[in-house]
Amino acid sequence: MVKRAPPKKRPRKAKPGTKGLGPKECILGEPSGAAAEVAAAIEKAGGCVVGSYKEPLGGHPVLISILPIHAVEPTPFQRDLSDAHHKRLADVINKTGRFLDPIIVVTAPGDGFWTPNGRHRLEAMRRLGAKSIAALVVADREVAWQILAQIGRAHV
């Protein structure tokens with residue numbers, strides 16, 4: 001008889017309000033360590049940090065930034081761009097005159113930034129001729145691979 005692999009364990013549903021940080025605990029004063037290094041990289045690229053916080057589940061620092069659009073590229077191991085999808089996004093963004101869904105970025109190994117989650121929004125903004133783009137900058141570059149694995153968007 002062939003043995004089946006054990007089923008994947010899913011986390012149990014937690015009791016409400018038992019995990020993570022409360023709203024006031026999410027305040028990030030002055031970024032330090034890796035977050036401070038990323039803030040310096042943002043400034044060096046010509047962008048600016050407009051806010052920061054500790055994300056509510058794990059308390060990891062996130063920098064809310066405006067980056068020059070030329071400084072951001074998709075991660076090189078993402079699936080291909082959907083022409084129809086980014087054109088539709090550009091139409092909606094253009095119609096509303098607002099870009100309200102920041103992309104997520106990490107620092108690239110050289111200069112600039114990679115987006116593991118935001119390729120179509122990035123291309124839509126490029127299509128519209130935008131100079132800059134709003135981004136949530138995560139200090140830990142390794143999170144890029146984790147994001148792509150979670151949302152199933154990496155080439156296998």
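Mentor: Let's start with Val 49, which counts as partly exposed because its relative accessibility is 30%. For that label, buried means under 20% relative accessible area, exposed means over 50%, and partly exposed is what falls in between, using a 1.4 Å probe and protein chains only. Bear in mind that this is a predicted model, where local features need pLDDT of at least 70, side-chain atom pairs count only at pLDDT 80 or more, and totals for chains, interfaces and linings use all residues. Residues are numbered from 1 along each chain as its sequence is written, and side-chain values use heavy atoms, with hydrogens and water left out.

Val 49 belongs to strand E1, residues 48-54. Helices (H or I, at least four residues) and strands (E, at least two) are DSSP runs numbered from the N terminus. If you skip neighbours within four places in sequence, Val 49 is in contact with Ala 39, Ile 42, Glu 43, Leu 63, Ile 64 and Ser 65, contact being heavy atoms within 4.5 Å. As for Ala 36, it sits 13 residues from Val 49 along the chain, and their C-alpha atoms are 11 Å apart.

Now the charges. There are five salt bridges in the structure, each being a side-chain nitrogen of Lys or Arg within 4 Å of a carboxyl oxygen of Asp or Glu. One of them pairs Lys 44 with Asp 111, with 3.9 Å between the closest N and O atoms. That pair links distant parts of the chain, 67 residues apart: Lys 44 is in helix H1 (34-44), while Asp 111 is in the loop between strands E4 (103-107) and E5 (113-117). Both Lys 44 and Asp 111 are exposed.

Lys 87 and Asp 83 make another bridge, their closest N and O atoms 2.8 Å apart. Both lie in helix H2 (residues 83-96), four residues apart, which is about one turn of the helix. Lys 87 is partly exposed at 31% relative accessibility, and Asp 83 is partly exposed too, at 42%.

Then there's Asp 101 with Arg 121, where the closest N and O atoms are 3.4 Å apart. Asp 101 is in the loop between H2 and E4 and Arg 121 is in helix H3 (residues 119-127), so this bridge ties together parts 20 residues apart in sequence. Asp 101 is partly exposed at 47%, whereas Arg 121 counts as buried because its relative accessibility is 13%.
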